[in-house]
Amino acid sequence: MEMVHARPVTLIQVAGLRKVFRKPEKAPGLRGSLRHLLQRRFSEHVAVDGIDLSVAQGEAVAYVGPNGAGKSTTVKMLSGILVPTAGQVLVDGLVPYRARVENARRVGVVFGQRTQLWWDLPVRDSLELLRDMHGLGAARYRETLARLDDVLGLADLLPVVARKLSLGQRMRADLAAALLHEPRIVYLDEPTIGLDIAVKDRVRSFVRRLVADGTTVMLTTHDLADIEDICRRIVIIDAGRVVYDGDLQSVKDTHVRERSMSFELAAGLPGVDRIAARLPGAQVRAGSDDRELTVTFDRMTLGAREVLAAVLAEAEIVDMHIDEPAIETVVRKVYAGQLRPEPDGGVDRETVS
Amino acid sequence: MVAEARRALWLYRRLLGAQVRATLQYEADFWIMSLSAVLVQAVGVVFLWAIFRSIPEINGWQFWEVVLIYALVVVAEGLSVLVAQGAWTLAVTVNFGQLDAMLLRPYPPVLQVLSSAVGMNGLGNLVLGTGLLIAAVRHVDVSWNVGRVALGLLLVVAAAGVKIGLNLLTNCAAFWLRSPYSMFAFSMHSFGELARFPVTIYGLGVRITLTVVLPYAFMSFFPAAAVLAHGPARWLGLLTPVVAIYCLWIGTTVFRYGLSRYESSGH
């Protein structure tokens, strides 16, 4: 008997994708603006500079990079909002900006920065309008809504006019609006921005569930914690180019080794040398006040427990916290690592925020 | 095909209905808008009346005939702001990146834009326009029969189509001019107001512009001439439905072209 291996179906196929925006070149102030009226000069801003990407069905991809790296622009091209300057996009067999209506039936998009609800209408009305646009039957709508309500807690939001929602409530309603038609592909552009911890957790577990159900998810975020338990694959872009595309765990192992622990001590320390002596390889610095202490260490060679034990042996701790590196730091390291082949060449001095 | 068009129309009505509900949240706005619409148009009629007090006719057009042209504009304008006021929101929608949401819904973006606002002042226009129309019809020297009334109704609807198409076309300037104000479209609209008078009184340039380039005369003077069977313009007036289709088509085409230039915001 022959074994048939199901080959993963590629849902998103992007090749040489480019987007160039034209920006007016103006000198500052009113004079500059007036001069621009007569002498129209424009400069080109390359937001996305030749991206290749291929996402299989059911994959959960984190798409990260610093501000202005081209993340949102990519998502906007994938979802059909923007027309690429060059390159090919194929999503589920469609060119999104050519087949907008058909594409909209298959994908769901959430922008954390902006709502897609009707501003002046109660959430329920927005959802019902979307139901009709998607042509969902009454039974299916009820069922999906009940399921979304289960995870997102929509019931108390439904009668509220969208402009009166708090940020967290709005995000929950927006997620429901984007997923009402049970799209095969979901783009989430900074879905947790500005949310408090409780809502963040809710959104994250919701996305986890989506992925578990087989939805293809592309998640754009600044928050490393967002992607950690959702995505296995990470695509890092900077200045419009892909600088890394691969396994999340290996990025963390190679580039997110540095961790720092900050302590508040009960009494001032005369010096940090004794603690440093107990922790070879770690950097021990006193804070602005001699009751503050920061230990930066490689988490592959040293554990948080050992650091804690070393500090405890020398001082009494009042408070402490562990800082996780921000995604920007990871990106900078990856980028620096690409430019400089020697391992850990110039990145040691990078501060971990 | 037919089923699809019917569905699209049904959705259009749903979207408009939602806007009506949203607008009615602000009751005071509704009354102020309706009342001011009546006032604005009524001032125009007073102006007409003042002119005709000193001159008995303009280029062979009597006072009540010009009132009929005027009434037609008011009704067509009223219809257009009631069913497609959304065209005027394009400047804001495009320049603040609010078109994003519309591009992510499975319904033609141009229909979403047009249905994205309801001008409640349209009701004021309709009330005043119908009143003027009835008054004018009683005074003009035309024999009314079923055919003429049907023609009149058809031309009123077509005139509204002309206006909607031109509103869409001129407001598409938003894709090129990056300002959140519809100044360009508004100045074109003001220019179109010239067609509230028999266009034969203007020079060739204005006449050609109002007839061919931006055919505002097809929402007022030409259809009125056709209904009144007055002068050679009446034959042109019969073309109003064709011109309406043309205007809607060109508005949609330019809109589609504009979409390819759309840059969203915050990239």
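Modeller: Patches are made of residues with over 30% relative accessible area and no salt bridge, with like charges joined within 9 Å and nonpolar side chains (Val, Leu, Ile, Met, Phe, Trp, Tyr) within 5 Å. This is a predicted model, in which local features need pLDDT of at least 70. Residues are numbered from 1 along each chain as its sequence is written.

Biologist: Which residues make the nonpolar surface patch of about 490 Å²?

Modeller: Accessible areas come from the Shrake-Rupley method with a 1.4 Å probe. One member of the patch, Leu38(A), lies in helix H1 (residues 29–38) of chain A. The patch is made by Leu30(A), Leu34(A), Leu37(A) and Leu38(A).

Biologist: Is Leu38(A) buried or exposed?

Modeller: Buried means under 20% relative accessible area, exposed over 50%, and partly exposed in between. Because its relative accessibility is 78%, Leu38(A) counts as exposed.
The patch member Leu38(A) is thus classed as exposed.

Biologist: How many of the 13 residues of H6(A) are buried?

Modeller: Helices (H or I, at least four residues) and strands (E, at least two) are DSSP runs, numbered from the N terminus. The buried residues of H6(A) include Arg170(A), Asp174(A) and Leu179(A), and they pack against elements including strand S5 (107–111) and helix H7 (197–212) of chain A. H6(A) is largely enclosed by the rest of the structure, because the buried residues number 11 of the 13.

Biologist: Is Ser80(B) buried or exposed?

Modeller: Ser80(B) belongs to helix H3 (residues 63–84) of chain B. Contact (heavy atoms within 4.5 Å) links Ser80(B) to residues including Ala160(B) and Ile164(B). Because its relative accessibility is 1%, Ser80(B) counts as buried.

Key. Chains lettered and ligands numbered in written order. Predicted model: local features only at pLDDT ≥ 70, side-chain atom pairs only at ≥ 80, totals over all residues. Heavy atoms only, no water. Salt bridge = Lys/Arg side-chain N within 4 Å of Asp/Glu carboxyl O. Buried < 20%, exposed > 50% of the residue type's maximum accessible area, 1.4 Å probe, protein only. Lists of a residue's contacts leave out its neighbours within four places in sequence.
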